[in-house]
Structures are given as structure tokens and as C-alpha cells.
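Biologist: Could you walk me through this one, a piece at a time? I have some questions as we go.

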Amino acid sequence: MWASIAWRLFWRELSRGELWVIAFALFLAVGSVVSLSGITEGVKSALMQRSAQFIAADKVLRSSQPFEQRIVDKAEQLQLKTAQQMQFDSMLFAGDNLRLATIKVVSSSYPLRGELVLKRGNVITATEAATLTPGQLFLEARLFDLLGVAVGDEIELGMSRLQVGGVIVNEPDAPLSVFGGAPRVIMHLDDVAATEIVQPGSRIGYRYLFAGSTENLQQFESELTPQLSVHQRWQKMDRESAIGSALQRAERFLLLAGLLGIVLAACAAAVAASRYSQRHTQAVAVIKALGATTAQIRLIYGSHLLLVVLFSLLCGLIAGQVAIGAVQWGIQLYLPDYRAEFSMRPLWLGSLTCMICALLFAARPMWRLAATPAIEVLKRPAAKFTLDTLQWLTGAAAIWALMWLFSGELVLSIGLFLLCAGFAAILMASAAVLVRLAKPMAAGQSSARKLALANLKRRLWANSFQLITFSLAIFLALLLYFLRAELIGQWQRQIPVGAPNQFLVNITESQRSVLDSFAAEHQLELGQYYPVVRGRLTAINDEQLQQEATKDDRSQQRVGVGRELNLTWLSQLPDNNQLLSGSWFSRDAKAQVSVEAEIAERLEVKLGDSLVFSIGGQMVTAKVSSIRKVDWNSLQPNFYMILSPDLLADFPATYINAFYLSAERTALLNQLARLLPTVTVISVDNIIAQVNDIIAQVTIALSFILLIICIAAALVLVAQVQATLEQREQELAILRTLGARYAFLRNALLLEFALLGAMAGGFATLLAEVMLLTVQQRVFELPFSPHYNLWWMGPVLGIVMVTLLGWWQLKRLLRIPGAQLMRKVLQG
Amino acid sequence: MNTPEVHINAVKLAKTVKLTEGSLTILHDISLTINRGETVAIVGASGSGKSTLLSLLAGLDLPSHGEVYLAGRPLHTLSEDERAAVRAADVGFVFQSFLLLPSLTALENITLPAELAGIKDARSRGLALLEQVGLSARADFFPAQLSGGEQQRVAIARAFITRPAVLFADEPSANLDAATGQKIEDLLFTLNAEQGTTLVLVTHNNDLAQRCQRQYRMQAGRFIDSDLKGLANVG
Ligand SMILES: Nc1ncnc2c1ncn2[C@@H]1O[C@H](COP(=O)(O)OP(=O)(O)OP(=O)(O)O)[C@@H](O)[C@H]1O
Ligand SMILES: [Mg+2]
């Protein structure tokens, strides 16, 4: 029987509003959680997949030992796709010409990710497509000139002769960081045995490439890792991505910002649920007086909440999934071969959020409602909105639980929670002070203003909660708006428009003047010439380094870098480098070296150690005078070892330089290649494009969150205004009967909300500025600069938002004829 | 004639409410006995404590002191929910301010107690009662669409739907014009006669009080020259 009563009451209540506010708040919470976590996952996996193209696989295992079948078998058992790849340096002979080249040997299945583009021709603009077949070699464009060969000619490599098949146009995993590498050649794995280059002791890098589902890859990695020898290690991917850390920061920012939106939505739900309960106090008392037990009432109102929760949950999950779908579709526009993966995580995260919000914010007032004693029928319900202590506690606990759930970090969630609590306390105190100040102001004002002030004062005093939620809502909207701008600005500063996108490597001393005049002729802005001398690190202090990891793992010898390093000498510390210890070369520094931090750690090098380099057969010794941290994300030439200028000045060096070339002038590169055939041009346009794509994606996600925050803020406002609706109806009825005219009531109403909005906007501005300045200095490490726009935007936003929403909800009250209003008030 | 069965018995009832400062005793030392099927009026000045007394007799509230028995059950020892069960089964109540649920129609308001008590033919009973109070045409109206008198009649119909053994009515004909008031009073006494319901009503109206078999007169929370007319009638 209770069910039909519950259903009937529910149905009628739908027209009253509070249930909708609760439903919409929960919907907003679920929808935003699902879409935000889904979208960040989507952007993250897009980035992973994009990065995967740069290693031609999802995962790469590097080895210095020949391929082991068991590893390939194991991968195939787990439904992973595999490919093999070897790389070594070797001489190419073509007639009288010979040249050292880096030979990449790949199996037919290469690449697993990204695209290998080969063309039949000797320039990258050739049009006829070609595929890698056994018996053929594909060359980097500059090798055609260097070797004097054409397509179809034969080239000797080791013991075999192979035919030139064409030119390499795009090699997905071509190295970017190796400035000054030898020209590249690609050949098929089936041909490598015949060359007889692979001999015990020859320096060959082996790579296993794997691709497949994230789950299978993880299982594979965890099973294989314990079986790996010292010669085998997983390739790290993160360094390749120029924005890995920026994205990580953005992800956390997205989630936390989204979380704050959810907290706002939850507040709206709590207010609406309290209001709902309060409005139903008398109905509950009546039903109880008519013989209903507390349990029956709980069933009735519990079922209302349950219906609302289920409805919101369902709609929220669907809407969230739709938003995810839309973003995945958007990513696909950027990344044609992006594979969208369906994930359950956003769905259960959304459901859990919904349950937490419903139980801890909305259920409590409903629970209290059911405990209303029957005798309440004899009392006029006090039109006062109150939250009991338990509600405050459960609400606070819920907020913290959500923060923890989202950030996944205990300390961070506690910190953020305390911060929010502090803000709320400050706002509460300020509201109290302001209400006191408003008292003398009311004297000597026009009557509409007096009424507005009086109303404001009464309601503010009754619950400064309203002012707090308004302020918090506006504060969050402002904070997010400005942080978003700051975050995007930071990324754009990392890759400013016009930053060098073409790097020139292998420039000889004599070519510098040719390049200079070429640049001058075409108005290209060249950067600094970085000298490069290639050398090998042979000893640390007096200890000789092993150049290769050997079979004998028990050897106590330290393993060296394993390849030639690009050494440079500079008198000034580069911009994107940061000294961790020691000091930079003094003017008359002699025989010193500055070492990059990661390699210093790997080689166990400390300040004061002396390093011995073999450069062109000569030994050079340098003392470590500093350890540097290098920003690998910056698109700048970076060096592991920087020597003091005195050491290398006499060695023949090549140079690195860079310039910016706009997309429509790329034809210049061909001219440059003809002019300086031995200079390698490395274009980082790809990477820059990738970074810009991701900035665009994250910007969309940020705007989306901003929108959610604004809706949540508006929702809080709506819930709050609704909470005072009945009281206002009564007042209006009385004022109308006493003869107040429409214009007077309207002015008083508008003024009340404008004042409230201005106050909330003012507080919000103050808090947002403090927060922004802190973030600016602590996180972005920018100089102190106030946000002038904020100071007018905050109050204006407050006034406009609060007034509009208040007016929108209350204007119909003003239009109800006095008699009808009177009747409505008197008859409940 | 059978010896009358005691239906409601109150012994030295007192009600004290806490105020922000100190406390206020609304009822002092009230004792009364009402037999089954009797009609009793409680009269007194506004604020004398009539509604409060009614709420104690109906088990809506608990007395601060004293005992109250309804059909032999000690209401003062029962919990809120146990009293609710008693009310659902045996008690009808017409509130001074009607207290219809605004979101339910006239008919739904009437059938509500029957549904709570799990009575099967709630709807047909409700329609019959609507007919009896002359509001058949208003079945689907919401309280806000009804006049004060109509709301009052709906409230009375609601009080009768469970065929309660006792009906408490708090000023059932206040706010009504003489003719309507008369109709409502007739209705109460008719139902009392038809169903043998014990009727306890609070009123300012002397005529109405005189139609009852006995009257209790209240002043400042006490009975004064209690039951004089009732005694006179017996004598
Ligand atoms: N919960 C309460 N708190 C404080 N005072 C109360 C409370 N309930 C009742 N009173 C007071 O007790 C007195 C009696 O109230 P009651 O409603 O019983 O009067 P009444 O006789 O029904 O009056 P009326 O004829 O006007 O309905 C009144 O003065 C009232 O203000
Ligand atoms: Mg009364």
C-alpha cells in the first residue's frame, strides 16, 4: 500500500522542483565524472598511441643479444603482434664511393604502429610507392648523392650485394635525439645472415617490437620482466613525448577541477534535499497522525530518493558515455588510426560518486524527515532551513571521500579538503561581519532599497551558507577560467610560435658561411651554432669502462654508455638546463665537464670524478665540475656532456643549428639539401604538431569542465533560491495585501540579488586572486603579477549570474495576482 | 441497558513544554472518562489547552505526567510507532486547520489513512464518503482548489474512512458559515449514530456543545465545574 502512496506523492512532487534539482545535481555529478575520467583516459591513450608511433610499437624490448624465439612465442601466446628489428653501423660500398651508414634491419611485420613510407625514387618527393622486399635496400635521401647511386644500382654491404629499392620518406621510429647520426638505411631481416656482419662481438642492437591490448601487454610485461637478463631492458617511452609531464599535470588538474564541480553539485543536492524534507515535515506529521509508522514513511521517501537516484544515474551514465564518444570521435579526426578502447572505469567511478552524493548528502535530510513526530501537526512549521551536525559531518566526509577517490592520493586529498574547509570558514566569518555592517547602511535609504537590505540581512543571517556556496561557485568558475588560460599559455610558451622547427646537423666549419648566406638570402633566422665533437667515454677515474655488456655478468666492471657521445663545449649554461650540484665553468676553467643528471646516476659519476674521453684516437681527461638537469621536453639541442671550452677547441668539430620555417616554405629544404648535401635536416614539425593537437584536446576538456562548474554553480543558486521560495511567497502575499506595487517589489527583489551577487563575486575574486598568485608562483614559477581582469570580472559575474538566476526563478511570483497568492499561502 | 464500556480514560494528565527560558505548563491535572459511543464536547477560551488535550487523548503526543488509556491500552507507555498503529486502527482525527496534503486530490486525501491501514476497498469507501459529504463532483480537486468548508468536509470524510472507534474533531465547524457549519455537525452526529463512533469534539460553539451528551469546560489548562450539564442530564 505504501508503494501506491509513494508513487502518487512522487508524481505530484515532480512538478514542485526540488526533486528535479536533486536529480539534476546527481546527473551532473555522474555525467561529469564519467565524461571527465573517460575523456582524460581517451586523451591519455591517444597520446600513448601517438607515442607508440614514434617507437613503431606499443612496447619495445631492447637487447644486445640475438633474438630468442621463446620471447616471441610468449608474446604470440598472449595475442600480441610482434616484429623484430636490428641496428648497426656499417660501411656501404658503391663503386669507388664508400660511406658509413646506420643500417636498420626489420622483419616483414615492421612497423606495428605508425607508418613506414618508402618511395621508388631518390628524393622524398618521389610519388611511386614501394614496399620493403628481401634483396633490396632503401636509403635516406642524402645517401644517393653521397654514394652516387640511383634506384636499381647495387650496393655492397658486408659479404652481400643488394639492390637500391628507393628512398625512405618516413621511418616512424627514426631517432630524434641523435643529432649528427650517420645516414640511415633500411633492409629486410631475411638478408642479414648473408652479409655475415653479425658475428660474435659485433656491436648490434636488437629490438623486439610488441603491440596489442593494454591488458595483454601488461600481463606480458609482468611475466617476462623477471626472466630478462642484464642485456635486455624495456625501452622507456616518456622521454620521447615532449609534453608528458604537462599532460600529467593537466590530467590531475582536470580531475580535481571536475571534482570541485561535483562537490558543488553535491551541495546543490544537499540543499535541495534539505528543502524537500523541510517542506514535507508537515505532510509527514499529518500522515503519521493518520497512523503511518516511521518505517512506512522511510519507505515512501526512500523510494522517492531511490527513483531520483536511479533516474539520474542512468541519464548521467548515458550522457557521460555520449560525451566520451564525441571526444573519441574528435580524437579520431586528429589521429586517423586511433583505436578507442571501451573502459569500465569511468562508469563505476560515476556510479560510486552518485552513491556517495546520494547517501551522504541527500539521504540524511530524508532520514531526519521520517523521524518527524506526529505532534508536529499542531505546530506551524518553522520556515527555517537548517543542516544538523551529522549532515555537516557526513557532507564533509563525502567531499573528502570524493577527493580521495579522484586524486588517488591521501595526502593531496587531505590538503585540498583542509583548504576548502578553510575557505568556507573564512567566507562564513566574512559574511557575519558584512551582515553587521549592512545594518547601519539600511538607514536613510529609499524604501525599495531598505526592503532589499532587510531581506538580505535576514536571510544572510539565517544562513550564510547561501553566501558561501555562491562565493565558492563563482570562485571556482573564476579560478578555472584563469588557470585554464595560464595552463594553455604555459604550454604555448614551451613551444612558442616561431620556435625552431628544423634542425641542421653535421655542419662543417667551412659550410657555416654558406649556411649563413643562405639564411640571409631567404630571411631565415639562424640560432646559435653548437659545436659537436663525437667521442667515447672510456674510463671513469682510473677504471676502464666496458664498452658492451658481456656474457659474464659477474664482471665488476662498470658498463659504459655503449655508443659515441655528442660532446660539446660551451661557456654558458644553456637556458633549459638547471645546475643540481657543483658550479658552472668559471672564465678560466681548465679540463672540466658538466654531466647530465640521469647519465651521471647510471654511470655512478660524482662531482670531482675524472672522465676520460677518446676523441679521434686521442685521450682527453676532464674533471666533473657540475651535474645538470636537462629539460628533455624542450625542443632544443641537449647534451649529456658539456666540456669546458679549453678542451675541445682544437678538435675538428661539426655544428648544429636550427631555424624556423613556416609550412608553406618547406620547398626551401630541397634547395638547402642541394646546397649542403652532407648536412642532415631534422624536422620536428611532427612533434610540434602532436603537442599542438594535444593542447587543443586538453583545452576542449578544460572548457568542458569550466562549463560543468558553471552549471553546477548555477544549480547551487537555483537550489538556494528554491529553498526560500515559500517564505518569499508569504512575504510577497503580505506586502501585496499591504499595497506594495509591482515595480516596488521588482526593484527590491533585483536589488537584493544584485547585492548578494556583488558580495559573493567580491569574496570569490579575493579568494581566486590569492589562489592564482600562489599557483602562479609555486606551480608555474612565474613572477608575481595580479590579474586585473579578475577584479571586474568577479563582481560582474556575481551580480549578473545571481540576479539573472534569482529573477528567472522569482519573476512568476511577482506576477501571481495578490488574491491568488494569498490563497496559496494560506491554504498550503 | 448495558453498563457503559469505558473507551477513553485520562488520569491526572499534565503537559509541560520547554521554552527558551524556563518551561510552561499547558495542562494541569486533567482527569476524564469517556464511554464508548458517547459524544463529548470540550469548550474553553482560546489558548486554554483544548487542542493540546485532544492530541494527548489521540496519542499524537505524550503527556508529561499522568496516564491515558484508549480502549484499555496505555497510550502513555507506547512508542511513537505503536501509537501510530493504534491511530491507524482505531482513531480518526479532524484537525483544526484541516491539514490536507496539498499534493493529493480530495479523494486521495480521504483514502490515505485506509491505504496506510491496508484496507482493500479504500477507493469505494472513499467515494461513498465523498458522496455523503456532498463532494462527489470534487473528487479530483486539489485542496488549493477547494473552499474552506469543502476542505473541512474532506477532512471529516478522511477521519471516517477507517471507521474508527473514536473520532476527535478540533473545531470542525469553525471558519464556516452557519448553514455549512450545521451541515458538518449533522454529518458528525449521523456518522456517530450509524457507526457507533465515540465523538470527542472541541468547539467554541455553544449550540454544538449542547448537542453533545457531555461537556468539559477548560480554563488555563484545567477543567472548571466539570461536567455540570452532563450530571444534570443524568439527574
Ligand atoms: N509546543 C508548544 N510550545 C509552547 N507553547 C505551546 C505549545 N503548544 C501549545 N502551547 C501553548 O499552550 C496553550 C494552549 O494551546 P492549545 O493549542 O492547546 O490551545 P487551544 O485551547 O486549542 O486554543 P484555540 O482555541 O485557539 O485553538 C497556548 O497558549 C499555546 O501557545
Ligand atoms: Mg486549538
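Modeller: Let me begin with A:Ala591, which sits in the loop of chain A that runs between β16 (577–582) and β17 (592–596); helices (H or I, at least four residues) and strands (E, at least two) are DSSP runs, numbered from the N terminus. This is a predicted model, in which local features need pLDDT of at least 70 and side-chain atom pairs count only at pLDDT 80 or more, while totals for chains, interfaces and linings use all residues. Residues are numbered from 1 along each chain as its sequence is written, chains are lettered from A and ligands numbered from 1 in the order in which they are written, and side-chain values use heavy atoms, with hydrogens and water left out.

Biologist: What is the phi of A:Ala591?

Modeller: The phi of A:Ala591 is positive, about 50°, although the residue is not a glycine. A:Ala591 counts as partly exposed because its relative accessibility is 25%, where buried means under 20% relative accessible area, exposed over 50% and partly exposed in between (1.4 Å probe, protein chains only).

Biologist: And what about A:Glu196, where does that one lie?

Modeller: A:Glu196 is in the chain A loop between α5 (192–195) and β10 (205–211), and although not a glycine, A:Glu196 has a positive phi of about 60°. With a relative accessibility of 48%, A:Glu196 counts as partly exposed.

Biologist: Which residues does the cis peptide bond join?

Modeller: The cis bond joins A:Tyr110 and A:Pro111, with omega at about -10°; A:Pro111 belongs to the loop of chain A between β3 (97–106) and β4 (117–119).

Biologist: Switching to helices, which residues of α17 in chain A are buried?

Modeller: In α17 (residues 667–675) of chain A, the buried ones are A:Leu668, A:Leu669 and A:Leu672. Down the axis of α17(A), these buried residues fall within an arc of 100°, so they line one face of the helix, the arc being that of the directions from the helix axis to the C-beta atoms. The face of α17(A) turned away from the buried side carries A:Ala667 and A:Arg674, which are exposed.

Biologist: What covers the buried residues of α17(A)?

Modeller: The cover includes β12 (502–508), α14 (511–521), β21 (654–659) and β22 (680–683) of chain A, with contact taken as heavy atoms within 4.5 Å.

Biologist: OK, and what do the buried residues of α6(A) pack against?

Modeller: They pack against β1 (59–63), α3 (69–77), β10 and β11 (232–234) of chain A. The helix itself spans residues 214–224, and its buried residues are A:Asn216, A:Leu217, A:Phe220 and A:Leu224. Viewed down the axis of α6(A), these fall within an arc of 100°, so they line one face of the helix, whereas A:Glu215 and A:Gln218 are exposed on the other side.

Biologist: Now the ligand: how many residues surround ligand 1, and which are the closest?

Modeller: Ligand 1 is surrounded by 15 residues, the closest being B:Ser46, B:Gly47, B:Lys50, B:Ser51 and B:Thr52; a residue is near a molecule or strand if one of its heavy atoms lies within 4 Å of it. Both chains A and B contribute residues around ligand 1, so the site is shared between chains. Helix α1 (residues 50–57) of chain B gives the largest share of the shell, 3 residues.

Biologist: Which polar side-chain atoms lie 2.7 Å from an oxygen atom of ligand 1?

Modeller: One belongs to B:Lys50 and one to B:Ser51, and a polar backbone atom of B:Ser48 is 3.2 Å from a ligand 1 oxygen. A polar contact here is a pair of N or O atoms within 3.5 Å; within protein, one must be able to donate a hydrogen and the other to accept it, and residues adjacent in sequence count only if both atoms are side-chain atoms.

Biologist: Last topic, helix α3 of chain B: how many of its residues are buried?

Modeller: In α3 (residues 106–116) of chain B, 11 of the 11 residues are buried, among them B:Glu108, B:Asn109 and B:Glu115. After α3(B) comes B:Gly118, which has a positive phi near 75°.

Biologist: Is B:Glu150 buried or exposed?

Modeller: B:Glu150 is buried, at a relative accessible area of 13%. The residue is part of α5 (residues 148–160) of chain B and, leaving aside neighbours within four places in sequence, B:Glu150 contacts B:Leu135 and B:Arg138. For chain B as a whole, 55% of the 235 residues count as buried, and its secondary structure comes to 8 helices and 10 strands.
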